[in-house]
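Subject: Structure handover and findings

Hello,

Here is the structure I said I would pass on. Please load it alongside this message, as the notes refer to residues and elements by number.

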Amino acid sequence: PQSKLPDLGTTIFTQMSALAHEYQAINLSQGFPDFDGPRYLQERLAFHVAQGANQYAPMTGVPALREAIAAKTAELYGHTPDANTDITVTAGATEALYAAITALVREGDDVICFDPSYDSYAPAVELSGGILKRIALQPPHFRVDWQAFAELLSDKTRLVILNTPHNPSATVWQKSDFEALWQAIADREIYVLSDEVYEHICFAAEGHASVLAHPQLRERAVAVSSFGKTFHMTGWKVGYCVAPAEISAELRKVHQYLTFAVNTPAQLALADMLRNEPQHYRELPDFYRARCDLFIDALGSSRLDILPCEGTYFLLADYSAISSLDDVSFCQWLTKEVGVAAIPLSVFCADPFPHKLIRLCFAKQESTLLAAAERLCKL
Ligand code: PMP
Ligand code: GLN
């Protein structure tokens, strides 16, 4: 058939993990932990399966989970979404992002995103007939130039997609960024899609700034999160989105025919986890900060230049002291010859990306990080 996405190949995450596997390299490319999630969560899943909670869940998510999400949102961001109308449980954040984009973007609408940007946004916008306007952010701080942003806005602008803490740059938005966004779009009918899958992995002094904490923006926003990141269970593929009732009603129309509902026992187990073990997500910044520090320390004698990390479980490293290869070739060489797999940054950008940066995932056991650092220090 004639392709609807002729320029799209296999994601870099699949490519690099396959290459890591083929060469038996230490895989710091695709973002997933090499340790297991909480035993309690696993036990609750087994419990609910044994109890016979094995049929379809309600389309919007099991009530206990939606209520637990509402309570967590209230505790963290001072806003209590209505568990019935504002919260939708999805098959990972990926489905929430796709459903939100499909519900909001019409043929010919402009959508603004910030490069480097996560790879699932652009194909979803394209399939909806939207036109992506990308703002290129610059290392090391990847800050948004709000003047340049304002200049991109027009009557055609329908949606702004942002991600904080940001994959791949590991930088975060501050409250002032959300306020600047609000000032820029207040007089226009523009929606906001805020990808906050790393909301609990934030090391910034002022904590994670969520769109849900901004009283005006949250009236037009879809906030997306993922239990895969929060509970070290990327394979469970359970995420959710929070949006005002009118927006949720539209994205639920898409969700209803994309997956209809998400697996029941995992939702019940996650509800138990949120209610009974909230210290897990409260302690997550310290948990990951320790891994990040350990890895940076172990890389102390390497010629990689490590960029500041404010959140996510990724570190950026500048390899220009080591090689003049482009980042894609460097990552292939690193995997095959050095035995460490990483992700090149240029694949997240539409414009040529002149920097020599790779992304390394530190959601790994201490022994994995030390073994990878030993190899990288020899370069
Ligand atoms: N957004 C970002 C920024 C991500 O890094 C990821 C996954 N790594 C996702 C969305 C997708 O999350 P999920 O695995 O829950 O679909
Ligand atoms: N989001 C993960 C990452 O950034 C990968 C998810 C995937 O493979 N689709 O590495």
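Predicted model: local features only at pLDDT ≥ 70, side-chain atom pairs only at ≥ 80, totals over all residues.

Domain

The UniProt record, an unreviewed entry, places "domain: Aminotransferase class I/classII large" at residues 25–376.

Sheet

Seven strands make up an open sheet with mixed pairing, in the order E2-E8-E7-E6-E5-E3-E4. Its edge strands are E2 and E4 (131–136), each of which pairs on one side only. On average, neighbouring strands of this sheet are turned by 20° against each other, with direction ignored. Helix H3 (residues 63–77) packs on the sheet, where it touches E2 and E8, and the direction of H3 makes about 120° with that of E2.

E2 (residues 87–90) pairs with E8 in the antiparallel sense over four bridges, and threonine 90 stands opposite glycine 239 of E8. E7 (residues 221–226) is also antiparallel to E8 and joined to it by four bridges; here alanine 223 is opposite valine 242 of E8. E7 in turn pairs with E6 (residues 191–195), in the parallel sense and over four bridges. Within E7, alanine 221 is the bridge partner of valine 192.

In a regular strand, side chains alternate between the two faces of the sheet. In E8 both faces are covered: Gly239 and Cys241 are buried on one side, Tyr240 and Val242 on the other.

H2 (residues 39–50) has twelve residues, which at 1.5 Å a residue should span 16 Å; its end C-alpha atoms are 16 Å apart, so the two values agree. The buried residues of H2 are Leu41, Arg44, Leu45 and His48. Viewed down the axis of H2, these buried residues fall within an arc of 105°, so they line one face of the helix. An α-helix has 3.6 residues a turn, so residues three or four places apart point the same way. The face of H2 turned away from the buried side carries the exposed residues Arg39, Glu43, Ala46 and Ala50. After H2 comes glycine 52, with a positive phi near 90°.

H10 (264–276) is part of what covers the buried residues of H2. The 13 residues of H10 should span 18 Å at 1.5 Å a residue, and its end C-alpha atoms are 18 Å apart, which agrees. H10 is mostly covered, with eleven of its 13 residues buried; among them are Gln267, Asp272 and Met273. The cover over the buried residues of H10 includes H2, H3, E2, H8 (227–230) and H11 (279–282).

Arginine 134

Arginine 134 lies in strand E4. Apart from neighbours within four places in sequence, arginine 134 is in contact with Cys113, Asp115, Ser117 and Ala350. Proline 215 is 81 residues away from arginine 134 along the chain, and their C-alpha atoms are separated by 26 Å.

Regards

Definitions and conventions
Residues numbered from 1 in each chain as written. Chains lettered and ligands numbered in written order. UniProt positions renumbered as here; feature names shortened; annotations may be inferred. Buried ≥ 20, exposed ≤ 12 C-beta atoms within 10 Å, placed from the backbone. Helix = DSSP H or I, 4+ residues; strand = E, 2+ residues; numbered from the N terminus. Pairing = 2+ DSSP bridges. Expected span 1.5 Å × (residues − 1). Arc of directions from axis to C-beta. Contact = placed C-beta atoms within 7 Å. Axes fitted to C-alpha atoms, helices over the stretch in contact; angles between N-to-C directions.
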